[in-house]
Amino acid sequence: MKPYRIAVFASGRGSNFQALVDAQQSGALGGEISMLVCDKPQAPVVELAHEANVDVFAFQPKDYASKEDYEREIAAELQQRGVELIVLAGYMRLLSSSFVEFYSGRIINIHPSLLPAFPGKDAIGQALAYGVKMTGVTVHFVDGGMDTGPVIAQRAIEIQEDDNAETVAARIHQVEQKLYYEVVSWFAQGRVALNGRNVTIKN
Ligand code: GRF
């Protein structure tokens, strides 16, 4: 049987990408990472992909006249590989509404807060500045807004008095790296159902 095909979009460090690669290697992902899409050719995640023998489509947005132009190339690469799920893992660029619509229900993102609290940039800094006692991680469908799509899974962590941005980020990353491959495996098993804003995971 053809493996369930995944594309990861990332811009930076790639700790979530690496956790997905590790899960693929251990069999826990239940699918195959067919490609990495990266808008920063020098990002560490590109090197991680090469080490894992994952195809890379890296591009510089400034080399294109418009977002539509590079997204058309991305879509062609995805189609060529029969990609079924797009997994955003620290992809620091908004996708166009036509791209999001075309892949509706097939793009997910991981965000370091309990959405709808603290969307957008520096979610951990926002949570600390607000003084919340709990924050966490959300995996959600991507829609046309900024971190507004239906929630698929969430995990909470407590914020202690002696915490700072680094210590919270470290715990958040640990949680992310366990949660994201699990959610992807639910997709690979065909267990995720979306009804309006409500997501259910079938047994
Ligand atoms: C993660 O914290 C994720 O929640 C956010 O971007 C970060 C990516 O980190 N969307 P990494 O590149 O996977 O290490």
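Student: Is Arg81 counted as buried or exposed, and why?

Tutor: Arg81 counts as buried, because its relative accessibility is 19% and the cut-off for buried is under 20%. Keep in mind that this is a predicted model.

Student: Which partner does the side chain of Arg81 meet in a salt bridge?

Tutor: The general idea comes first. Side chains of opposite charge can pair when their charged atoms come close. Here the partner is Glu77, with 2.8 Å from N to O. Glu77 has 21% relative accessibility and therefore counts as partly exposed. Salt bridges with shared partners also bring in Asp55, so that Asp55, Glu77 and Arg81 make up one network.

Student: How many salt bridges are there by this rule?

Tutor: The count is 6. One of them is between Arg72 and Asp69, where the closest N and O atoms are 3.3 Å apart. Both residues belong to helix H3 (residues 67–80), and because they are 3 residues apart, about one helical turn separates them. Arg72, at 56% relative accessibility, counts as exposed, while Asp69, at 25%, counts as partly exposed.

Student: Turning to the rings, how many aromatic pairs does the rule give?

Tutor: It gives 10 aromatic pairs. Take Tyr64 and Tyr70: their ring centres are 5.7 Å apart and their planes stand at 70 degrees, so the pair is edge-to-face. The cut-offs behind that reading are centres within 6.5 Å and planes over 60 degrees apart. Tyr70 has 4% relative accessibility and so counts as buried.

Student: Why is the pair of Phe141 and Phe187 called edge-to-face?

Tutor: The ring planes of Phe141 and Phe187 are at 80 degrees, with the centres 5.7 Å apart, so this pair is edge-to-face. The pair joins distant parts of the chain, since Phe141 is in strand S6 (residues 134–141) and Phe187 in helix H6 (residues 165–188), 46 residues apart. Phe141 and Phe187 are both buried.

Student: Which residues form one aromatic cluster?

Tutor: The cluster is made of Phe9, Tyr91, Phe99, Phe102 and Tyr103. One of its members, Phe102, also has a charged neighbour: Arg106 lies over the face of that ring, 5.9 Å from the ring centre.

Student: How much space lies in the largest pocket?

Tutor: The idea is simple. Rolling a probe the size of a water molecule over the atoms shows where empty space is left. In this model the largest pocket holds about 940 Å³. It is lined by 37 residues, and those closest to its centre are Gly90, Tyr91, Met92, Ile110 and Pro112. Tyr91 is also a member of the aromatic cluster.

Student: Which elements give two or more residues to that lining?

Tutor: They are helix H1 (15–26), strand S5 (107–111), helix H5 (123–130) and H6. H6 gives the largest share, 5 residues. By class, the lining has 17 nonpolar, 13 polar and 7 charged residues.

Student: Where does Asp122 lie?

Tutor: Asp122 is in the loop between S5 and H5. Although not a glycine, Asp122 has a positive phi of about 50 degrees. Asp122 counts as exposed, at 55% relative accessibility.

Student: What is phi of Asp147?

Tutor: Phi of Asp147 is near 60 degrees, which is positive in a residue other than glycine. Asp147 is in the loop between S6 and strand S7 (151–158), and its relative accessibility of 13% makes it count as buried.

How values were computed
Residues numbered from 1 in each chain as written. Heavy atoms only, no water. Phe/Tyr/Trp six-rings, centres within 6.5 Å; stacked < 30°, edge-to-face > 60°. Buried < 20%, exposed > 50% of the residue type's maximum accessible area, 1.4 Å probe, protein only. Helix = DSSP H or I, 4+ residues; strand = E, 2+ residues; numbered from the N terminus. Lys NZ or Arg CZ within 6 Å of the ring centre and 35° of its normal. 1 Å grid on protein atoms, 1.4 Å probe; cavity = no way out; pocket = protein on both sides within 12 Å on 5 of 7 lines; lining within 4 Å. Points joined across faces, edges and corners; volume = space filled by probe spheres on them. Nonpolar A, V, L, I, M, F, W, Y, C, P; charged D, E, K, R; others polar. Salt bridge = Lys/Arg side-chain N within 4 Å of Asp/Glu carboxyl O.
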